[in-house]
Amino acid sequence: MSIDFTEKAKRYQAIDEIIASGRKLKWNQIVSELGEKYNIKTSRTSFFRDIEELCEKYAAPIDTDVETNGYFYTDPKYRLPRFYTDENAAKAAKLIKTLMDMVKGNPLYKEAQEVFESLSIENHDLSLENIRINKKSDNDRIIFVGAPNKEVPAETWRLIAKALNENRIITFDYQSLTDSKPSNRRVQPWQLIFDNGNWNLHALDVVKNGRRRYTLSEIRNLQITNEVFTLPKDYDFRKMTLGSFGCMCHDQYLDYKIHLHGYAARYTKNRIWGENQKIVSDEKNPGPDGDGIILTFSSNQLFSIQRWVWQWADEALPLEPKELVDDWNEKRKKMSLITD
């Protein structure tokens with residue numbers, strides 16, 4: 001049953017404060033103080049259950065005094081950690097749940113859930129599945145949007161997770177955007193990447209000996225082999241490229257020089273687009289509002305940069321390299337044919 005996950009946490013925290021005070025109050029005195037001082041109503045049975053759980057799950061060194069039967073900590077320095085016990089922390093926890101729900105279903109979700117719950121005050125009732133998000137307007141003030149995910153079969157997740165954990169080579173049928181038909185791939189699975197609403201597998205194509213990215217939702221007939229590979233030290237995709245153009249990249253680095261003005265220029269100033277990035281005012285072509293800039297950087301993401309420059313329409317003009325300029329001019333010619 002879904003519960004308000006802060007209720008038990010607040011009760012635990014209040015019991016901790018009372019016991020840590022060193023007054024050695026009896027159980028009925030503690031229950032009374034919980035109601036009068038903390039506005040927390042609890043029964044005798046619930047109180048003893050709380051004491052048992054605090055001792056077993058959180059190693060709270062609770063004992064009772066022989067003479068007074070009052071509760072105290074055998075280690076006076078012990079205090080229960082304050083996790084998710086106030087309103088702001090509760091909102092933060094619910095925000096985390098909303099973000100995690102965007103990627104629910106992948107093999108790392110469960111691990112992230114376990115970490116989340118280990119930081120909570122109770123491992124079962126405070127699970128992500130039981131956190132209640134009220135349908136109130138104030139819960140819609142922070143949201144996450146993006147391209148909707150294509151559903152990835154559970155069996156695909158299971159096999160890829162196993163292959164990643166055991167460094168096992170996998171095979172599958174795959175058709176890229178440039179392929180006319182599917183073909184069988186044999187790859188070393190290196191890394192999962194979430195990019196623009198889709199999960200991608202960063203891997204080494206064993207046959208072509210090249211690094212590739214595969215969209216998980218397009219993988220078919222996935223099989224895991226018994227062949228084990230050694231994960232290279234430079235497997236991490238983040239070490240292959242520095243920039244903001246997603247998970248697609250190539251082997252060749254090129255030097256880029258792009259004019260931007262208007263909103264495109266303002267947007268560009270707030271991001272890192274590639275290595276050795278520089279942004280200077282464009283004195284020769286300041287643009288209609290005088291805010292023109294020249295953006296230069298190095299990158300190995302030509303295809304993505306071609307699309308990025310074209311999306312700015314009249315606010316971006318590629319200057320270098322030739323591959324980028326030629327692509328832009330070719331697109332402009334095609335558009336002219338369509339509009340004429």
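1. K322 is exposed, at 59% relative accessibility. This is a predicted model, and every value here is computed from it. The side chain of K322 meets that of D326 in a salt bridge, 2.5 Å from N to O. D326 is partly exposed; its relative accessible area is 35%.

2. Where do K322 and D326 sit? Both belong to helix α9, residues 322–339. They are four residues apart, about one turn of the helix.

3. The salt bridge between K162 and E166 has its closest N and O atoms 2.9 Å apart. K162 is partly exposed, with 30% relative accessibility. E166 is also partly exposed, at 35%.

4. E166 has another partner. R168 forms a salt bridge with E166, and the closest N and O atoms are 2.3 Å apart. Is R168 buried or exposed? R168 is buried, with a relative accessibility of 13%. The cut-off for buried is under 20%, so R168 falls in that class.

5. Taken together, K162, E166 and R168 are linked in a network of salt bridges. Side chains of opposite charge can pair when their charged atoms come close. The count for the model comes to 14 salt bridges. Those described above are among them.

6. Next, the sheet. Four strands make an open sheet in the order β9-β10-β8-β11, and the pairing is antiparallel. Which strands stand at the edges? They are β9 (275–281) and β11 (316–320). Each has a single partner strand, so one side of each has no neighbour in the sheet. From one strand to the next, the twist averages 20 degrees.

7. Inside that order, β8 (residues 254–260) and β10 (residues 293–299) run antiparallel and are joined by seven bridges. For a point to check on screen, find H259: I294 in β10 stands opposite it.

8. A helix covers part of this region. Helix α8, residues 302–311, lies across β8, β10 and β11. Helix α8 runs at about 5 degrees to β8.

9. S304 is a residue of helix α8. It is buried, at 7% relative accessibility. That value is under the 20% cut-off, so S304 counts as buried. Which residues does S304 contact, leaving aside its neighbours within four places in sequence? They are F245 and M248. F245 is 59 residues from S304 along the chain, yet their C-alpha atoms are separated by 5.9 Å.

10. Finally, the whole protein. The secondary structure comes to nine helices and eleven strands. The chain has 340 residues, and 41% of them count as buried. Among contacts with a separation of 6 or more, 60% come from residues 24 or more positions apart. The protein exposes about 20,600 Å², and carbon and sulfur atoms supply 50% of that area.

Methods
Residues are numbered from 1 along each chain as its sequence is written. This is a predicted model: local features need pLDDT of at least 70, side-chain atom pairs count only at pLDDT 80 or more; totals for chains, interfaces and linings use all residues. Side-chain values use heavy atoms; hydrogens and water are left out. Helices (H or I, at least four residues) and strands (E, at least two) are DSSP runs, numbered from the N terminus. Buried means under 20% relative accessible area, exposed over 50%, partly exposed in between (1.4 Å probe, protein chains only). Contact means heavy atoms within 4.5 Å. Accessible areas come from the Shrake-Rupley method with a 1.4 Å probe; for residues, only the protein chains shown count as cover. A salt bridge is a side-chain nitrogen of Lys or Arg within 4 Å of a carboxyl oxygen of Asp or Glu. Two strands pair if DSSP finds at least two bridges between them. Axes are lines fitted to C-alpha atoms, for helices over the stretch in contact, and angles run from 0 to 180 degrees between N-to-C directions.
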